[in-house]
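Colleague: I am new to this structure. Can you walk me through the sheet and the helix packing?

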Amino acid sequence: MDAQATILVVDDSPENLQVLSAVLKGQYKVKVALNGERALALAQAEPNPDLILLDVMMPGMDGYEVCARLKSDPSTENIPVIFVTARDDVAEETKGLALGAIDYIIKPISSPVVKARVRNHMRLKQYQDRLAQADIKVRQLSAAVEQSPASIVITDTNGLMVYVNPRFCELTGYPAETLVNQNTRIFQSPLTPPSTYKEMWSTISAGKLWRGEFCNKKLNGELYWESASINPLLDENGKITHYISVKEDITQRK
C-alpha cells in the first residue's frame, strides 16, 4: 500500500523540497508546494494526500496556520501532518502538536529518520483506514439485520439469547430486553417433537448448518410455525462461540 500512497511536501526552500522528494520518491507519489496557499490547494484536491510533511517557518502563511486550516476543514482534517523544522524547541513542538500535528522532524534532514517516520505513520494511517472501513461494514451489516424481514436470533452455545432483531420481537410479542439472557426453550411447544431438538443440537454442535421447522409459542400463548436455518459462528481458532438463527414465519403455509 505504501507504493500507492501520496506524500505532500511543503517547504519554501526549493533545495529542501528536492532533498525530501529524493528521499521519498520510488516508494511514494510525491507532490510539492512552495507556500501555504499552494499546500492547502493540493491538500484539498481529490484524492487527498495520505500524509503531509510541512515546513514550519514560511513567509506569508506559516506551517502553523496551514495546519490549523487543514484541521478545521472536514475534507482534510484526517490527513496526518508531520512538521519539518530547524527549531528544536519544546514550546514550538508543543504548539504544533496542539494544532493536530502527529510528529516533528528536525532539520538538517536525515534520510533514514524521514523514511522511518513516514513509514511508521503511514502504517498507522493504513490501520486506521482499515478500522474505519470495518466500522462502515459493521454499521451496514447491523442495519441490514435490524431491518431484515426475517427473524434473526443469536444465542451463546448454551442457547441463551444475546441478540434478537425487531422482526422477531414483532412476531413473538416479546420486548427485546426481556429476551436477552433467556433460553430459547421459552418458545417451545409440545407440537415440536423432542427428536427435532436432539437432531438440531447434534448438528450445530458439530459445526454444521441445520435447517428445519419448529412450532413455537408467542408471549400471548398463540402457536406459530417457523422455518429455521441455524449456523454456528466460529472464532479465529475454529471454536464455536455462538449460533445464529434466521427464521421465517410459515404459519399461513402450514
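Modeller: Gladly. Keep in mind that this is a predicted model. T6 has K29 as its bridge partner in β2.

Colleague: How does the chain get from β1 to β2, and what is the hand of the crossover?

Modeller: The chain passes through helix α1 (residues 14-24) on the way. This β-α-β crossover is right-handed.

Colleague: What holds strands together in a sheet, and in what order do the five strands lie here?

Modeller: In general, strands pair through backbone hydrogen bonds, either parallel or antiparallel. Here the five form an open sheet, ordered β2-β1-β3-β4-β5, with parallel pairing. The edges are β2 and β5 (103-106), each pairing on one side only. Neighbouring strands are turned by 20° against each other on average, direction ignored.

Colleague: How many bridges link β3 and β4?

Modeller: Four bridges, in the parallel sense, between β3 (residues 51-55) and β4 (residues 81-85). I52 stands opposite V81 in β4.

Colleague: Now the helices. What describes the packing of two helices?

Modeller: The angle between their axes and the distance between the axes. Helix α3 (residues 63-72) packs on helix α4 (residues 90-99) at about 20°, with axes 9 Å apart. Angles under 35 degrees count as roughly parallel, so α3 is roughly parallel to α4. The crossing of α3 past α4 is left-handed.

Colleague: Which residues make the contact?

Modeller: From α3, Y64, C67, A68 and K71; from α4, E92, K95, G96 and L99. Four of these contact residues are nonpolar, one is polar and three are charged.

Terms used:
Residues are numbered from 1 along each chain as its sequence is written. This is a predicted model: local features need pLDDT of at least 70, side-chain atom pairs count only at pLDDT 80 or more; totals for chains, interfaces and linings use all residues. Side-chain values use heavy atoms; hydrogens and water are left out. Axes are lines fitted to C-alpha atoms, for helices over the stretch in contact, and angles run from 0 to 180 degrees between N-to-C directions. Helices (H or I, at least four residues) and strands (E, at least two) are DSSP runs, numbered from the N terminus. Angles under 35 degrees count as roughly parallel, over 145 as roughly antiparallel, 65 to 115 as roughly perpendicular and the rest as oblique. A crossing is left-handed if the near helix is turned anticlockwise from the far one by less than a right angle, and right-handed if clockwise. Contact means heavy atoms within 4.5 Å. Ala, Val, Leu, Ile, Met, Phe, Trp, Tyr, Cys and Pro count as nonpolar, Asp, Glu, Lys and Arg as charged, and the others, Gly among them, as polar. Two strands pair if DSSP finds at least two bridges between them. A crossover is right-handed if, with the strands pointing away from the viewer, the path from the first strand over the helix to the second runs clockwise.
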